[in-house]
Amino acid sequence: MLAGFFTLILLTGNGNPNIIETLTPDSSEVVYETVREAVITIEENCSTLDVLNYLKLTRNSDKYTVGRPARSSVATWKWDNEYIFWDPNQFCGTNHILVPTQYLWMPDLTIVEMTEKDKASPSPFLNIKWHGWVEFRNDQVVISTCKMYVYKFPFDIQSCNISFKSIMYSDEEIQLFYNNNNTEITEWSRQSMRTQYEWLFVSMTVTNKTVNHFGFNQTIIVYTIYMKRRSVLYLANFLLPIFFFLCLDFASLLMSDTGGEKVSFKITVLLAVTVMQLILNDILPSSSDNIPLIAVYCIGIFALMLLSLVETILVIYLIDKDASQDNEKEKTKCLIEGPEEKLTNLQTCYIDE
């Protein structure tokens with residue numbers, strides 16, 4: 001299964017994009033501490049419940065579930081909620097807590113190319129940092145559609161896009177940012193690979209674009225995954241056997257042309273290549289506009305073997321025709337000979353007939 005590492009950053013409201021673009025996990029606490037108001041001093045408490053009570057964070061709190069954060073918001077998914085802040089020193093060093101996803105507002109991000117609903121169980125928790133960062137991590141099984149170019153099959157390299165966008169918010173309300181270091185995200189994705197079957201992961205690139213589908217602009221983050229097909233099995237199980245059939249057909253030229261075994265052998269080999277072409281038709285997708293090179297390869301070999309069969313049939317026909325003409329000449333020669341020569345060569349004439 002192809003697993004990738006995607007990191008998205010959301011910017012909502014009137015935040016400063018320059019701060020977000022240079023943001024790193026190590027510097028996030030310092031950056032967001034500068035936009036906080038004065039810390040309210042409370043009595044020291046040490047449990048997660050005390051932090052929740054301090055924030056008044058409950059399932060039915062409209063302040064957290066309905067209200068979208070209006071300051072800079074960073075979605076693995078990460079965003080900042082200006083309603084959340086506590087001093088870890090006042091809660092026995094508690095610098096993060098885990099809360100159910102129903103407790104907070106979450107961005108409505110979706111994958112554009114997804115064709116089936118994700119059947120994996122979503123993550124039930126959010127990780128909240130003391131400085132307001134909210135982090136959501138979720139494993140998804142994405143079934144998407146990708147256009148394939150099979151001209152170089154089975155030595156082809158395919159690309160597939162995974163695009164993230166908000167369903168309802170415009171880019172004035174939510175701005176998406178991403179790590180634009182393609183080398184780094186390629187290495188992250190390669191490290192998180194679990195298994196690779198028919199396809200080998202090559203690289204990953206990320207770009208963004210702006211679309212206007214519903215009367216307002218939306219930012220889309222596009223991750224492009226490049227994959228290479230494993231061609232060894234196709235080479236051993238398909239390309240080489242067809243080439244061996246061609247060699248057998250050429251070797252049949254050494255067989256005698258006087259019998260019918262040569263034609264039967266060539267027809268058998270030709271039917272074997274036809275079966276291989278039927279298998280190829282099941283493998284290749286029918287959406288390709290151009291004829292793949294492997295199909296040209298099969299058609300070329302089929303044409304050569306068909307030409308060889310026609311040549312064999314023509315040679316056998318000419319040999320039989322020449323033999324019948326020789327028999328006619330011998331019969332005519334026996335009829336025009338004199339009585340003495342007929343008696344002498346009677347046995348020879350009957351043998352020739």
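Modeller: β8 (174-178) and β10 (217-229) each supply at least two residues of the lining of the largest cavity. Strands here are DSSP E runs of at least two residues, numbered from the N terminus. The model is predicted: local features need pLDDT of at least 70 and side-chain atom pairs 80 or more, while totals for chains, interfaces and linings use all residues. Residues are numbered from 1 along each chain as its sequence is written, and side-chain values use heavy atoms, without hydrogens and water.

Colleague: Which residues line the largest cavity?

Modeller: On a 1 Å grid over the protein atoms alone, a cavity is a set of points where a 1.4 Å probe fits but cannot get out, and lining residues have an atom within 4 Å of a point. Here the lining consists of Ser166, Tyr169, Ser170, Asp171, Ile174, Leu176, Gln218 and Thr219.

Colleague: What is lysine 228 in contact with, beyond its neighbours within four places in sequence?

Modeller: Contact means heavy atoms within 4.5 Å. With those neighbours left aside, lysine 228 is in contact with Asp156, Ile157, Glu198, Trp199, Leu200 and Val202. Lysine 228 lies in strand β10 and, at 38% relative accessibility, counts as partly exposed.

Technical notes
On a 1 Å grid over the protein atoms alone, a cavity is a set of points where a 1.4 Å probe fits but cannot get out, and a pocket is an open set with protein on both sides within 12 Å along at least five of seven lines; lining residues have an atom within 4 Å of a point. Helices (H or I, at least four residues) and strands (E, at least two) are DSSP runs, numbered from the N terminus. Buried means under 20% relative accessible area, exposed over 50%, partly exposed in between (1.4 Å probe, protein chains only).
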